[in-house]
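Here is a structure to look at together, one question at a time.

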Amino acid sequence: MSLRASTAAGKRRVRFALACVAAGAALLPVRTMAKEGNACTPGTALHQSAPTATQGGLLLIEVKSTKPLAEVSGEWEGRSVPFWRDSEDDRQRKGLLGVDLETAPGGYELKVKGQTASGDKISCSAQVAVRKGRFATENLQVGKQFVEPSPEQIKRADEERQKLRDIFDRVTRERLWDGKFRIPLDGVTTGTNFGRRRILNGNPGSPHGGVDLPGATGTPVHAAQRGNVVLAEELFFAGNAVVVDHGLGIYTFYGHLSEIDVKVGDAVETGAVLGKVGATGRVTGPHLHWGLTVERARVNPLLLVTLLGGSSGERTRRKSSKPGTK
Ligand SMILES: [Zn+2]
């Protein structure tokens, strides 16, 4: 979505990226030798949807106990892992582990702790290896005005970035979503550009933190799940944007809208129309930019649809996506 890069920031990012690569390489041999599997207190088991994750990935974690559980919490790579009770069975909890797009590859320990209804402490630990994501890189030569925003534009973009950070830092303790997450455009089954890095006139910009969904201007944009609207305004890079808080640190972001049809404070149901597809902000054509953060980690939102989403029949049938079709 964004065309943001300045020479100094670009160089800093390159240095940072190289430092991450070096740190990852140095840690990898030791960390991959760490024992596989997980360890739990007796009577407790932990299951993760995949043994490893990729940058920008998402894992579904399940904790099962032989006794009813009162509370379960998790921590991974400095982030808490939200857990919730999903079924009638009070002996299990589900959790979502979001791997930020720029988490350095390597092994990280997931720590889960909790308590049974009878007061017994439970705990689990598991190694979660993060692999490097395979993201596209685009080299572009563009006019200076696209690469170098004015000082006022930079100030505005920085303030908006901070505003979003403050929103994503707030965690609503209650789970507001209920059931499956959906792709926000009818008839669209996949998106592109997640993690793509643009190199503008030789300077690497930030990676693309969401997916771009194809859609003609005016196509209704639907809430991926139930939640509360916490942002509905025009932003410098994302244009007309909406953020929905689904609770437990899970937020979805909708950008480049031609119009916004909700306001901050609105409680929306799954499928509610948040606005219409457009080309506002720093874009070249109409599409929906759809983002997901889980406890501040930028994650590919399509993975949430897969993990908590539709039936396998719906998801495995890959059809070409036609914008705006039902
Ligand atoms: Zn985008």
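Q: In the hairpin of S12 and S13, which residue takes a positive phi near 50°?
A: This hairpin has 2 residues between its strands, and strands here are DSSP runs of E, at least two residues, just as helices are runs of H or I, at least four residues, both numbered from the N terminus. The model is predicted: local features need pLDDT of at least 70, side-chain atom pairs count only at pLDDT 80 or more, and totals for chains, interfaces and linings use all residues. Residues are numbered from 1 along each chain as its sequence is written, while side-chain values use heavy atoms, with hydrogens and water left out. In the loop between S12 and S13, the residue with that phi is Asn-201.

Q: Is Asn-201 buried or partly exposed?
A: Buried means under 20% relative accessible area, exposed means over 50%, and partly exposed is in between (1.4 Å probe, protein chains only). Asn-201 has a relative accessible area of 30%, so it counts as partly exposed.

Q: Which residue of S13 is the bridge partner of Leu-200?
A: Two strands pair if DSSP finds at least two bridges between them. S12 and strand S13 (residues 203–204) reach this with 2 bridges, in the antiparallel sense. On another side of the story, strand S11 (residues 137–140) runs parallel to strand S12 (residues 197–200) over 4 bridges, with Leu-140 opposite Leu-200. In S13, the bridge partner of Leu-200 is Asn-203.

Q: How many nonpolar residues line the second largest cavity?
A: The lining includes Trp-76, Arg-79, Leu-96, Val-294 and Glu-295, and strand S6 (79–81) and strand S8 (92–98) each supply at least two of its residues. Ala, Val, Leu, Ile, Met, Phe, Trp, Tyr, Cys and Pro count as nonpolar, Asp, Glu, Lys and Arg as charged, and the others, Gly among them, as polar. Beside 2 polar and 2 charged residues, the number of nonpolar ones is 5.

Q: What spacing do the donors of the zinc ion follow along the chain?
A: Donors are N, O and S atoms within 2.8 Å of the metal (3.2 Å for Na, K and Ca), and since water is not among the atoms, sites may look incomplete. The protein donors are His-208 (NE2), Asp-212 (OD) and His-289 (ND1), lying 2.1 to 2.2 Å from the zinc ion. His-208 is buried at 4% relative accessibility, and Asp-212 is buried at 9%. Along the chain, the spacing is H-x3-D-x76-H.

Q: How far apart in space are Cys-124 and Ala-39, C-alpha to C-alpha?
A: Cys-124 lies in strand S10 (residues 121–131) and is buried, with a relative accessible area of 5%. Not counting residues up to four places away in sequence, Cys-124 touches several residues, among them Ala-39, Cys-40 and Leu-110, where a contact means heavy atoms within 4.5 Å. Cys-124 and Ala-39 are 85 residues apart in sequence, yet their C-alpha distance is 5.5 Å.

Q: Which residue of S17 stands opposite Glu-233?
A: Strand S16 (residues 227–235) and strand S17 (residues 239–245) pair in the antiparallel sense over 7 bridges. The two form a hairpin with 3 residues between them. Opposite Glu-233 stands Ala-241.

Terms used: On a 1 Å grid over the protein atoms alone, a cavity is a set of points where a 1.4 Å probe fits but cannot get out, and a pocket is an open set with protein on both sides within 12 Å along at least five of seven lines; lining residues have an atom within 4 Å of a point.
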